[in-house]
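Here is a short report for a first look at this structure. Keep the 3D view open while reading.

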Amino acid sequence: DTGAGVLAGVLGKCKALAHLGLCCNAFGAKGAEVLAGALGECKALVSLDLSGNSFGVEGLGRLAVMLRGCKALTHLGLSHNGLGAEGAGQLAGVLVECKALAHLKLGWNSIGDAGAGRLARGLGECKALA
């Protein structure tokens with residue numbers, strides 16, 4: 001996750017950044033943590049795709065704080081990150097605060113029936129998705 005740290009050092013200065021795609025970069029939970037810290041400064045962020053990084057539930061927990069502050073975020077991609085049912089539950093709590101979110105990609109996370117139920121409750125609160 002060293003690369004994520006180097007990248008985070010630059011991203012934190014990109015206050016006007018609107019779109020960021022960092023798919024398939026092998027960022028783990030630690031990488032998600034350092035990226036979350038930097039992306040929290042990107043208040044103009046509209047589109048974020050972190051698919052294919054396998055940061056799991058631990059990484060999502062660290063990103064959740066940042067996602068709550070991304071009031072302009074309309075597109076979020078988190079496919080292929082090993083979130084499972086627990087991650088779906090965590091994400092459900094975050095989605096309630098993502099009022100502008102209109103596109104959400106969560107494929108290949110093995111959320112199962114339990115995770116789908118938790119996620120459905122959070123999605124019900126996302127008015128932009130309705």
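## What covers α2

The buried residues of α2 have a cover that includes α1, β1 (19-21), β2 (47-49) and α3. The model is a predicted one. Which residues of α2 are buried? They are Ala-29, Gly-31, Ala-32, Leu-35, Ala-36, Ala-38 and Leu-39.

## How α1 meets α2

The axes of α1 and α2 lie 8 Å apart, and the two helices pack at an angle of about 5 degrees. Angles under 35 degrees count as roughly parallel. The pair α1 and α2 is therefore roughly parallel.

Residues from both helices make up the meeting surface. On the α1 side are Ala-4, Gly-5, Leu-7, Ala-8 and Leu-11. On the α2 side are Gly-31, Val-34, Leu-35, Ala-38 and Leu-39. An α-helix has 3.6 residues a turn, so residues three or four places apart point the same way.

## The nonpolar core

The largest nonpolar core holds 36 residues. Leu-48 and Leu-78 have the most contacts inside this core. Two or more residues come from each of α1 (2-11), α2 (29-39), α3 (56-69) and α4 (84-95). In soluble globular proteins, nonpolar side chains tend to be buried together.

What does Leu-78 contact, leaving aside its neighbours within four places in sequence? The list is Leu-50, Ser-51, Phe-55, Leu-60, Leu-83, Leu-91, Lys-105, Leu-106 and Asn-109.

Asn-109 sits in the loop between β4 (103-105) and α5 (112-123). Is Asn-109 buried or exposed? Asn-109 is buried, because its relative accessible area is 3%, and buried means under 20%. A polar atom of the Asn-109 side chain lies 3.0 Å from the backbone nitrogen of Asn-81. Neighbours within four places in sequence aside, Asn-109 contacts Leu-78, Ser-79, His-80, Asn-81, Gly-82, Leu-83 and Gly-84.

Ser-79 belongs to another loop, between β3 (75-77) and α4. Ser-79 counts as buried, at 11% relative accessibility. Not counting residues up to four places away in sequence, Ser-79 touches Ser-51, Gly-52, Lys-105, Leu-106, Gly-107 and Asn-109.

## Two positive phi values

Most residues other than glycine have a negative phi. Cys-24 has a positive phi, near 55 degrees. Cys-24 lies in the loop between β1 and α2. With a relative accessible area of 64%, Cys-24 is exposed.

Ser-54 also has a positive phi, near 55 degrees, and is not a glycine. Its loop runs between β2 and α3. Ser-54 is exposed, with a relative accessible area of 56%.

## The cysteines

How many disulfides are there? The count is zero. Cys-14 is in no disulfide, and the nearest cysteine sulfur, that of Cys-42, is 6.3 Å away.

Cys-14 is partly exposed, with a relative accessible area of 29%. Cys-98 is buried, with a relative accessible area of 3%.

Conventions
Residues numbered from 1 in each chain as written. Predicted model: local features only at pLDDT ≥ 70, side-chain atom pairs only at ≥ 80, totals over all residues. Heavy atoms only, no water. Disulfide = S-S within 2.5 Å. Buried < 20%, exposed > 50% of the residue type's maximum accessible area, 1.4 Å probe, protein only. Helix = DSSP H or I, 4+ residues; strand = E, 2+ residues; numbered from the N terminus. Polar contact = N/O pair within 3.5 Å; in protein donor to acceptor, adjacent residues only side chain to side chain. Contact = heavy atoms within 4.5 Å. Core = buried A, V, L, I, M, F, W, Y, C linked by side-chain atoms within 4.5 Å. Axes fitted to C-alpha atoms, helices over the stretch in contact; angles between N-to-C directions. Parallel < 35°, antiparallel > 145°, perpendicular 65-115°, else oblique.
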